[in-house]
Amino acid sequence: MSQYFDDLETRDPEDRASALARALQSQIERAQGLAGYGDTLAGVAPGDIKSVADLAGLPVLRKADLGQAQKAAPPFGGLTAGPVSGFAHVFQSPGPIYEPGGAGGDWWRMGRFLHACGIGAGDIVQNCFGYHLTPAGMMFENGARAVGATVLPAGTGQTELQVQAAHDIGTTAYAGTPDYLKVILDKADEMGLALKITKAAVGGGALFPSLRQEYADRGITCLQCYATADLGNIAYESVAQEGMILDEGVIVEIVTPGTGTPVAPGDVGEVVVTTLNPDYPLIRFATGDLSAVMEGESPCGRTNMRIKGWMGRADQTTKIKGMFVRPEQVAALVAKHSEIARARVVASREGEMDVMTVQIEADGGAPEAYAATVSDVLKLKGKIEVVARGSLPNDGKVIEDLRSYE
């Protein structure tokens, strides 16, 4: 198995910059022909965009803009290069936001990450990402096909059956959220079944150092990627485990949160991505995630720019158990019950697992009375605490993340 997925990973940085500039000009020209961009790119001469720095003069596209565009022109807001019937899949993420998906050609560019994890022909990947509505399961399956691996489309839940299948089939690699692998391993120990998993490709949540070490102690190399439903793979870890290397199919800027202004090199800011996918051109798409550029090149020999990985949210939107919880969802929760004055979602950790606690300000009442609403509105189950009116901090926060990322 070759050390690199292809020759693009070890290009001279100047050659990469020239190639990306050419691809960027074509992508902007392509986007200008799409109804969804309207007048936002009017007057822009694609030939004038010769570098990443030149992107700073273009407007930023935010998730809220995407949602509004899709309401005006469902399902994709006029931002795709073809009709909905021209795609292999249509997905729905919370919002709702609809995303297109392709079946071939490593459409989400996940193969590069899986290859960096050492996954390839001869491996059997237990894909524990969801396959229903949201695209993560298909994203990783598409990547596994690109590297020649076999896939067990396991999805989430039914852990005993997952353990039995992994044992019987001889699964060698895991794909899923960082903490669910521990659930599988612990259940396998309980059932007395030996598993052959030695590689793990994770995403959808933070990989905490203690959890990575626990996997290493079990003989499992666990690497993480940074990907989204809209953009596909953005960056990924290599065996060097020093920052995250940008994918070759995206252009990344780090800007001051809430603006399109690039920060100084090394400063923390919001990740803004321009994808080179011709089917779904997204120009300066603001992810809402915080990160920073790292100096130098990766010791693994890949020459693309590195970022420090996920360092929090530019807004209060927080990923818990692999799902985003947004301030507007907390507001919707409060609106469902007239007796609720305020609510606050707290993300924490217990035993290497994400925990969501929902604190509800109300004049008494049983926590169980709000369980169904919490599950329906936030799309997650969690602990519920009813607290006295006026007891929550008056700091403007509706989502608080107490997890440590050090």
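The model is predicted. A search of the whole structure finds 29 salt bridges, and three of them are described below.

**Salt bridges**

- R112 and D6 pair through their side chains, with an N to O distance of 2.9 Å. This pair links distant parts of the chain, with R112 in helix 3 (residues 111–116) and D6 in the segment before helix 1, 106 residues apart.
- R112 is buried because its relative accessible area of 7% falls under the 20% cut-off. D6 has a relative accessible area of 24% and is therefore partly exposed.
- E190 and K187 form a salt bridge at 3.3 Å, N to O. Both residues belong to helix 6 (residues 180–191), and because they are three residues apart there, about one helical turn separates them.
- E190 is exposed, since its relative accessibility is 60% and the cut-off for that class is over 50%.
- E352 is bridged to R349, and their closest N and O atoms are 3.4 Å apart. E352 is buried at 18% relative accessibility, whereas R349 is partly exposed at 22%.
- Salt bridges with shared partners also join D6, E9, R109, R112, D247 and R302 into one network. The R112 to D6 bridge noted above involves two members of that network.

**Surface charge**

- A patch of negative charge on the surface is formed by D12, E14, D15 and E297.
- D12 sits in the segment before helix 1 (13–32). With a relative accessibility of 39%, D12 counts as partly exposed.

**Backbone geometry**

- Most residues other than glycine have a negative phi, and most peptide bonds are trans.
- P75 lies in the loop between helix 2 and strand 1.
- P96 is placed in the loop between strand 1 and strand 2 (97–101).
- K321 belongs to the loop between strand 15 (318–320) and strand 16 (323–325), where its relative accessible area of 38% makes it partly exposed.

**Two loop positions**

- G78 is in the loop between helix 2 (63–72) and strand 1 (89–93), which is also the loop that holds P75. G78 is partly exposed at 27% relative accessible area.
- Apart from neighbours within four places in sequence, G78 contacts L34, A35, G36 and A73.
- A206 is in the loop between strand 6 (199–202) and helix 7 (209–217), and A206 is partly exposed at 24% relative accessible area.
- A206 touches P178 and Y405, leaving out residues up to four places away in sequence. A206 and G309 are 103 residues apart in sequence, and their C-alpha atoms are 9.4 Å apart in space.

Methods. Residues are numbered from 1 along each chain as its sequence is written. This is a predicted model: local features need pLDDT of at least 70, side-chain atom pairs count only at pLDDT 80 or more; totals for chains, interfaces and linings use all residues. Side-chain values use heavy atoms; hydrogens and water are left out. Patches are made of residues with over 30% relative accessible area and no salt bridge: like charges are joined within 9 Å, nonpolar side chains (Val, Leu, Ile, Met, Phe, Trp, Tyr) within 5 Å. Accessible areas come from the Shrake-Rupley method with a 1.4 Å probe; for residues, only the protein chains shown count as cover. A salt bridge is a side-chain nitrogen of Lys or Arg within 4 Å of a carboxyl oxygen of Asp or Glu. Lys and Arg count as positive and Asp and Glu as negative; His and the chain ends are not counted. The place of a charge is taken as NZ of Lys, CZ of Arg, CG of Asp or CD of Glu. Helices (H or I, at least four residues) and strands (E, at least two) are DSSP runs, numbered from the N terminus. Buried means under 20% relative accessible area, exposed over 50%, partly exposed in between (1.4 Å probe, protein chains only). Contact means heavy atoms within 4.5 Å.
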